[in-house]
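Here are some notes for a colleague who is opening this entry for the first time. Please read them with the structure in view.

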Amino acid sequence: MYEDLKNEMLKLLSKNLRLDGRAPTDYREVTVEKGISKNAEGSARVKIGDTEVISGVKMEVIKPYSDSPEDGSMMINVELTSLSSPEFELGPPSIYAVELARITDRGIRESKSIDTKKLCIKKGEAAWMIVVDVCTLNDAGNMFDAVALAALAAMQDAVFPAYDAETGALDYKNKTTEKLPISKSPVTVTVFKYGDHLLLDPTSDEGKVYDARLTITVLENDNICSLQKGGDSAITVEETLKMIELAKQRTKELRSKL
Amino acid sequence: MAYEKRFDGRGFEEIRPMSAKAGVIKRATGSGWFKIGNTEAYAAVYGPREMFPRFKQSAEAGVLRCHYTMMPFSSAGDRVRPGTSRRGKEISAVMERALRPAIDISDFNNSVVDVFVELPQTDAGTRCAAICAASIALADAGIPMKDLVCAISAGKVEDKLLLDLEYNEDSHENGVDIPMAMLHNSKELTLLQMDGEISSEELGKAMELIKGAMDQIYDVMKSALKAKFEVKQE
């Protein structure tokens, strides 16, 4: 479908170039701004070049699940709004939106940054449910990295609303100064493969023609806490290790923006 | 009871601070952003483009289609569940009617002009902010228009008529909320809804209040468009 685009890209990549003049592993400028929505318990705006997403945290008090009466819970949702791209259609979430949300959720969940025991208010009766929604504003590619960074930034910004344990009343208007405890810094970078070339931060056009991708979440100690391979082509073990090295370097820079 | 002083200290006919921008979403054909107080709306226009599903096409003229969505974390209360809601569908429909008289898409048969609105933060007056943002986006997209549509709410709290209700006024038990939209030049109404109880004299006064506020809103919207299309002198 996009054969010409891909051929052009491969031709350029053999000269270490891309359509917008960047080198293969160059990242566009990243900005993170926290506290952009007053009503959310935490929020953030992330821009990677012209890609822009905003995220917000809402906290609810729920009855803990019967199989884990001492745990609160967390959920990450992604809304690929039709506002942000002509390619995002209305209706139930596409597989792309679901995969994005699940990869982001897994990156944060498996980092064990959130101690769900700390979210318990009263065993078997009340616990915090943390819901993070990431909404896209403009899609100019690399949604995987943008969405994950926005989710983490909003969680870092989040404070608990006032809760009266006696009456069970939640007062969203009154925020406490107690921050959501998030102990680590899991940052996600996706490495894309085109022919024999590895590339970071694709534009939306580049994002249509990759052979394979690997989304990697890296912690501040350089350990990896989640992986997801995508795309129709296979990747070798050597390539995988190279991709991980690229991700390790890049996540350090992204983390410094938080 | 008498409503002596507004919750946020404003004058009764004073509008919350407004700001606007055009061209904020690069992927869209045109886009707009409008903020009034703590209520904030993004709008993106896509099209005119081929209408799908096909059976909704009109051979006579283009179709305007609006989609209003509050972001899940935008509200001061519980999380807003994503997906369609009855409220969202109705607001989308009244937005279409509010904007349709301002645009001329008669030559775009079989096509649709899609307007998507997302609100990241809300504090009453969301449909009015949505209409203002959409109006900017339609102009930015180059859709033929004879006027900009400006929208704001008037209302009544206790004994006082006022402009631009914020959340505490909107949800006041003795409150009346009247969101209205007007074509700026002709001052004709294209959106008129109300809930609460009010006399016809008071409603007349509320409509006059809105008429008087049109220029303020229009200026903010016009400046946003001018700022985008202004040619910088070297």
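1. In this predicted model, helix H2 (residues 95–110) of chain A and H3(A) have axes that come within 10 Å and cross at roughly 50°. An angle between 35 and 65 degrees counts as oblique, and H2(A) and H3(A) are therefore oblique to each other. The crossing in which H2(A) passes H3(A) is right-handed.

2. On the side of H2(A), the contact is made by Leu100(A), Ile103(A), Thr104(A), Gly107(A) and Ile108(A), while H3(A) brings Met143(A), Phe144(A), Val147(A), Ala148(A), Ala151(A) and Leu152(A). Sorted by class, the residues of this contact of H2(A) with H3(A) are nine nonpolar and two polar, with no charged residue.

3. The largest nonpolar core of the model has 139 residues, and those with the most contacts inside it are Ala150(A), Ala43(B), Val117(B), Ile131(B), Ala133(B), Ala134(B) and Ile136(B). Helix H3 of chain A, which spans residues 143–157, gives the most to this core, with 12 residues.

4. For Ala134(B), leaving aside residues up to four places away in sequence, the residues touched are Gly32(B), Ala43(B), Cys66(B), Met95(B), Leu99(B), Val115(B) and Val117(B).

5. As for the contact of the two chains, 29 residues come from chain A and 23 residues from chain B. On the side of chain B that touches chain A, strand E3 (39–50) and strand E5 (111–121) of chain B each supply at least two residues, and E5(B) gives the most, with four residues. That side of chain B has 11 nonpolar, seven polar and five charged residues.

Technical notes. Residues are numbered from 1 along each chain as its sequence is written. Chains are lettered from A and ligands numbered from 1 in the order in which they are written. This is a predicted model: local features need pLDDT of at least 70, side-chain atom pairs count only at pLDDT 80 or more; totals for chains, interfaces and linings use all residues. A nonpolar core is a set of buried Ala, Val, Leu, Ile, Met, Phe, Trp, Tyr and Cys residues joined through C-beta atoms within 7 Å. A residue is buried if 20 or more other C-beta atoms lie within 10 Å of its own, exposed if 12 or fewer, and partly exposed in between; C-beta atoms are placed from the backbone. Two residues are in contact if their C-beta atoms, placed from the backbone, lie within 7 Å. Ala, Val, Leu, Ile, Met, Phe, Trp, Tyr, Cys and Pro count as nonpolar, Asp, Glu, Lys and Arg as charged, and the others, Gly among them, as polar. Axes are lines fitted to C-alpha atoms, for helices over the stretch in contact, and angles run from 0 to 180 degrees between N-to-C directions. Angles under 35 degrees count as roughly parallel, over 145 as roughly antiparallel, 65 to 115 as roughly perpendicular and the rest as oblique. A crossing is left-handed if the near helix is turned anticlockwise from the far one by less than a right angle, and right-handed if clockwise.
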